[in-house]
Amino acid sequence: MPNPSVPHQETSAPAPSAGVVRLFDADGGAHDAAFEGWRLALDGLFDVSRPRDGAEPFRGGIVAHDFGEAVVTDTHAGSQRFRRDGRTIARGGLDHFLVQLYRQGGFDGEAEGRDMAVRPGDVCLFDLSRTMQTDAGRFRNVTLLLPRTLLAPLVDTPDDLHGLVLDGSSGPGRILAAHLQSLVAQGALIDPADAGPVLEGTAGLIAGCFRRAMALAGPTDGEAAQVVRHGVRDAVLGAMHRFIDANLTSPELTPEALMQRFHISRPTLYRLFESSGGVVAHIRARRLRHCFAAITDPAQAHRRLSDIAYDWGFTDDTAFARAFRRSFGLSPRDARRAALEARAVGHHDGTSRALPGGDPGLQRLIRQLRTA
């Protein structure tokens, strides 16, 4: 049945180009081999598993378009669980946002405690530096992997993007859905070398369409609600986030320093950061994320873990290791090991294993995005 949320587009198939780099196709062949190929194709992006009662042959397909700094895919597959935990993040080495339009099917899930429900026509957004888990039924979606550097500067509070969902029946949802579909429909006509302006425009559209969803996701009670109603919450919070990120290495970065600099009361400060678990938790999470990036960076593999932690404001090795494991689900040492092992596999001979159902093109693109 046609999906009323996503208008059907009659488009002639574009002529193939070098930008169409990946076709995974498993159409119900050997059960185990087909899903194993799918799992390997998505390794570094998601850990995937099938329902325990999933006895039907696995069917799935991916067509990927190379946009240089970004990748757009048209994907369909059967029921499965998608997961990104600390180990997956370390293996993938991606610093991107993932934007998905579900043309058919959907999922229920969570993104670091934010519950999500996505239905046909909806558009969702994930920060690939953070954890998530979804349980999807049979689906077809369009997925855009967009560098953080293109999108984060366009919004005041990029941390609020993770796990947001745009209703497919809303104006912004329909506009963004149509644009994502056009990237797939015409992606084969775009040379990766010419994709830069297209990606910049796409990032601007995503930021604009998600702006109201970000505002609605923030706190709405007490004095902080007055900030929201007067239309300046995003500006104030954005300025605070920028100040925090610029001073993460300083021991003088405290709630009192923020109150004094931004002339707000303690209750307002804590309400503004309520969705992050409080301002102290937000600062600690930002420091941990920088530590994670440094620990999994091959260029910093020679540095002691304690030195990296100290650089970002952690003075107690035991407390740091405990907070790291609580946040990412593995120890700092295991995160470094996972990152180094993933890169060793990807670069040992410049090739990838042949995958059941298709070639290793998506893996090549993921390795390319790591170094873009």
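This is a predicted model: local features need pLDDT of at least 70, side-chain atom pairs count only at pLDDT 80 or more; totals for chains, interfaces and linings use all residues.
## Basis and overall content

Local features are given where pLDDT is at least 70, side-chain atom pairs count only at pLDDT 80 or more, and totals for chains, interfaces and linings use all residues. Residues are numbered from 1 along each chain as its sequence is written, and side-chain values use heavy atoms, with hydrogens and water left out.

The protein chain has 14 helices and 12 strands. Helices (H or I, at least four residues) and strands (E, at least two) are DSSP runs, numbered from the N terminus. Of its 372 residues, 48% count as buried; buried means under 20% relative accessible area, exposed over 50%, and partly exposed in between, with a 1.4 Å probe and protein chains only. Among contacts (heavy atoms within 4.5 Å) with a separation of 6 or more, 76% come from residues 24 or more positions apart.

An open sheet of 5 strands has the order 2-5-10-7-8 and antiparallel pairing. Two strands pair if DSSP finds at least two bridges between them. The edges are strand 2 (47–49) and strand 8 (114–118), each of which pairs on one side only. On average, neighbouring strands of this sheet are turned by 15° against each other, direction ignored. For such angles, axes are lines fitted to C-alpha atoms, for helices over the stretch in contact, and the angles run from 0 to 180 degrees between N-to-C directions.

Within this order, strand 5 pairs with strand 10 (residues 132–136) in the antiparallel sense over 5 bridges. Q80 stands opposite A136 in strand 10.

Strand 3 (residues 59–66) has 6 of its 8 residues buried, so it is largely enclosed by the rest of the structure. It runs antiparallel to strand 4 (residues 71–77), with 7 bridges joining the two. I62 has T75 of strand 4 as its bridge partner. The hairpin of these two strands has 4 residues between them, and G68 there takes a positive phi near 80°.

In strand 6 (residues 96–104), 7 of the 9 residues are buried, so this strand too is largely enclosed by the rest of the structure. Strand 6 pairs with strand 11 (residues 139–147) over 8 bridges, in the antiparallel sense, and Q100 is partnered with T143. Strand 6 also pairs with strand 9 (residues 123–127), antiparallel over 5 bridges; here the bridge partner of V99 is L125.

## Helix 12

Helix 12 (residues 317–328) has 12 residues and reaches 16 Å from its first C-alpha to its last, close to the 16 Å expected. The expected span is 1.5 Å times one less than the number of residues. F320, A323, F324 and F328 are buried in this helix. They cover an arc of only 105° around the axis, which puts them on the same side of helix 12; the arc is that of the directions from the helix axis to the C-beta atoms. R322 and R326, on the other side, are exposed.

At the N-terminal end, D316 caps helix 12 through a side-chain oxygen 2.9 Å from the backbone nitrogen of T318. After the helix comes G329, with a positive phi near 80°.

## The loop at D85

D85 sits in the loop between strand 5 (80–84) and helix 2 (86–92). Its side chain makes a polar contact of 2.7 Å with that of T88. A polar contact is a pair of N or O atoms within 3.5 Å; within protein, one must be able to donate a hydrogen and the other to accept it, and residues adjacent in sequence count only if both atoms are side-chain atoms. Leaving aside neighbours within four places in sequence, D85 is in contact with D47, T131 and F328. F328 is also one of the buried residues of helix 12.
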